[in-house]
Amino acid sequence: MVRSWRSTLATAVAAAATTALVVTPAFAAAPAGSRVELKVLVVTDGGPATTAIAAELRSEGVPYQQVTLGDPARPTIDAAFLADTVTSAGRLIDRAHFQAVVMPGPDPFGDTTELAALTAYEQKFDIPQVNAYVYPGAGLGMQTPTYAGSLDGVTATLTTAGKSVFSYLKGTVPFEDNSPAVAESYGYLSAPAGPDATPLLTATAPDGSAGTTLVAEYRADNRRQLSLSFVYNSAQQQFRLLAPGIVNWLTGGVHLGLSRNFLSVQVDDIFMGDARWSTTGNCTPGEDCKTGITTKDIRMTAADVAAVASWQTSRNFTFDMVFNGNGSAEAAAGSLFRLDPLTIAFQLNKDRFRWTNHTWNHEYLGCVRDTTVIPWKCTSAWAGPALITSEISKNVTWAANSSRKLPIDKSELVTGEHSGLYILPQQPQTNPNLAPALTAQGIKWLAADNSRMPDQIQVGSALTVPRYPMTVYFNAGKRTEMADEYNWIYTSRADGGSGICEDNPGTTTCIAPLNTTTGFQSYIVPLETRLALGRMLNNDPRPYYAHQGNLAEDRILLTMMDSVLTRYRSLIADNAPFVNPRMGAAGLELQRQNAWRAAVANGTVSGYLQDKAVHIEAPASVAVPVTAVTGTKRGTAVFGDAYAGLRSAWTATTNGAVDLVLP
């Protein structure tokens, strides 16, 4: 069942834990003709719970105004702050400044005057309120808690009513328990005191001694409140799963902003070979090994291509193959019949993958490096325009050859090692020859390393697309190699590691050495799965990147991806499939998000709901993200795309406006 702007409980509640919410027409309880601005009021005490909800609003693009309780310069929350009157169609009408309210608790003010003003406002305009973290009690329709304590490792369950609010979830909400030595979640379990409180999320205490409600909706005194009785931060899995539903409950499913779950993986160095980690030298030949230490390079085979193509079909997922044509040319030149079996296998399956230019020979396109020292350092020279242009164009020409015809998008580019862009500390500026070359070659989207350049920037004609490195190292083809290198990076010198974790305690944590046979599957995969799921559930279109060697030998990337996909699909309903964009589409999404956030911050966008009409104003150059309930129309056309039980889309303005009609 899809939630509308306003909903009421069934008159009779036979069993609070399983009662479904009954939807009613949008804005039904507010005075006819009233105007409600599409903006949320966030009253915060600086705690993690209100901070997390504010972060979700910002991530989705929902405009909000934050009032910090401890700020002596904050505005007083009174009738004038909350509402006023405006003239519309020649008559004076009420205008509510906020469509919803987020509070740290039901009464955080210590001032009855402000609470009275907020209560009257919510009653008059039917404005919902979320209490971000509460101690349950009679004021919220709940009994005294039967349990107070850790919720680490608990799996909570949505009630029938909860499934109507969080309709994009399959039914369970696992609470994180990442370290037995660290308390991560704390909360209270309490039962409803009567029919005015409806449990949405329930759980049993870790020791099984007690249990019931963690999230409840309370309707009394012509007010609606959603209360969460556990503390959380914006990164924790339990909040990430619930966050879109909290926003949808706040706004009744009608708001500026939208959210999608994203997952794309780009596989670099296709057709090349990648150097292999030396488990004896704790180094990578060609990178940081002493003279005389060698390993056999890792390169995919035709059998790997067939396995990956089959895997994609069975998992309903598509990789982006980021290729270097010279890898194929060199392999063919060194073969008996001038044929490369890997290239042939990819050609036979070329339409089953997406293809992106990774330059012809993976040349470093930044400064000319002095590699006689470790780490390398820049000389005074730069890779020149001719080299950059050749690396881009020669790969495009190779892909377009009549014997290959790889279906590439020529506007996308991944340079070798993200080179050309600045890299600290060795190269503190971007190669000045890069931007003109990108413009000359028509490049619109340029890959960047998110760990170095998380923000999208303009480089000539191109916008960067930050990519997350997936925890499968480029120089590992086997599980044992991956675990061995992980041990080297993340264990102390006393445990045989590099000691990097000891030297950088603020950014790296030392771990006990992993078993090299089982450590990849038992430790690295679950950790990366948790990180990937958090990013997927954060409206973040940035792609991941791995390397072709991770699809060879033990195919460790497929092992990692199986874990991520299985976890996602076990928690998220079919109405919210992840979006799998290629690089240009991911870059466009980032560009739109950034432009919208800037417009919101600059105050150049606004919107309101009046009766069943939504009116939005924005600059013509800005795409408007809008979420609305099913049945909403723009003109005579059904609005938006179905996602997570609602309709949403990036929307172009007409004469500077977007007008929608709710059902």
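Where is the place of Lys-405? Lys-405 sits in the loop between α9 and β23, with helices (H or I, at least four residues) and strands (E, at least two) taken as DSSP runs and numbered from the N terminus. This is a predicted model, in which local features need pLDDT of at least 70 and side-chain atom pairs count only at pLDDT 80 or more, while totals for chains, interfaces and linings use all residues. Residues are numbered from 1 along each chain as its sequence is written, and side-chain values use heavy atoms, with hydrogens and water left out.

Lys-405 has a positive phi of about 50° although it is not a glycine. Lys-405 counts as exposed, because its relative accessibility is 53%; exposed means over 50% relative accessible area, buried under 20%, and partly exposed in between (1.4 Å probe, protein chains only). Phe-271 also has a positive phi without being a glycine, this one near 85°. You'll find Phe-271 in the loop between β18 (265-270) and α6 (302-315), and it is buried, with a relative accessible area of 2%.

While we're in the loops, look at two prolines. The peptide bond from Ile-374 to Pro-375 is cis, with omega near 0°, and Pro-375 is in the loop between β21 (367-370) and β22 (377-382). Leu-424 and Pro-425 are joined by a cis peptide bond too, with omega about 5°; Pro-425 lies between β23 (408-413) and α10 (434-440).

Now for the sheets. Nine strands make an open sheet with mixed pairing, in the order β5-β4-β8-β9-β16-β15-β14-β11-β12, where two strands pair if DSSP finds at least two bridges between them. At the edges are β5 (64-68) and β12 (172-174), each pairing on one side only. On average, neighbouring strands here are turned by 20° against each other, direction ignored. Inside this sheet, β15 (residues 211-220) and β16 (residues 223-228) pair in the antiparallel sense over 6 bridges, and Ala-220 has Arg-223 of β16 as its bridge partner. Helix α5 (residues 237-251) lies across several of the strands, including β8 (100-103), β9 (129-131) and β14 (197-204), and runs at about 130° to β12. Such angles run from 0 to 180 degrees between N-to-C directions, with axes fitted as lines to C-alpha atoms, for helices over the stretch in contact.

The other sheet to visit is open and antiparallel, with 4 strands in the order β17-β30-β34-β33. β17 (255-256) and β33 (641-643) stand at the edges with a single partner strand each, so one side of each has no neighbour in the sheet. Between β33 and β34 (residues 646-651) there are 3 bridges, and Asp-641 has Ser-648 of β34 as its bridge partner. Helix α15 (residues 583-602) packs on this sheet, touching β17, β30 (624-628) and β34, and its direction makes about 85° with that of β34.

In α7 (residues 325-333), the buried residues are Gly-325, Asn-326, Gly-327, Ser-328 and Ala-332. They pack against β19 (320-323), α8 (341-348) and α9 (385-400), contact meaning heavy atoms within 4.5 Å. Thr-559, in helix α14 (residues 556-571), counts as buried because its relative accessibility is 14%. Leaving out residues up to four places away in sequence, Thr-559 touches Arg-479, Phe-520, Gln-521, Val-525 and Asp-554.
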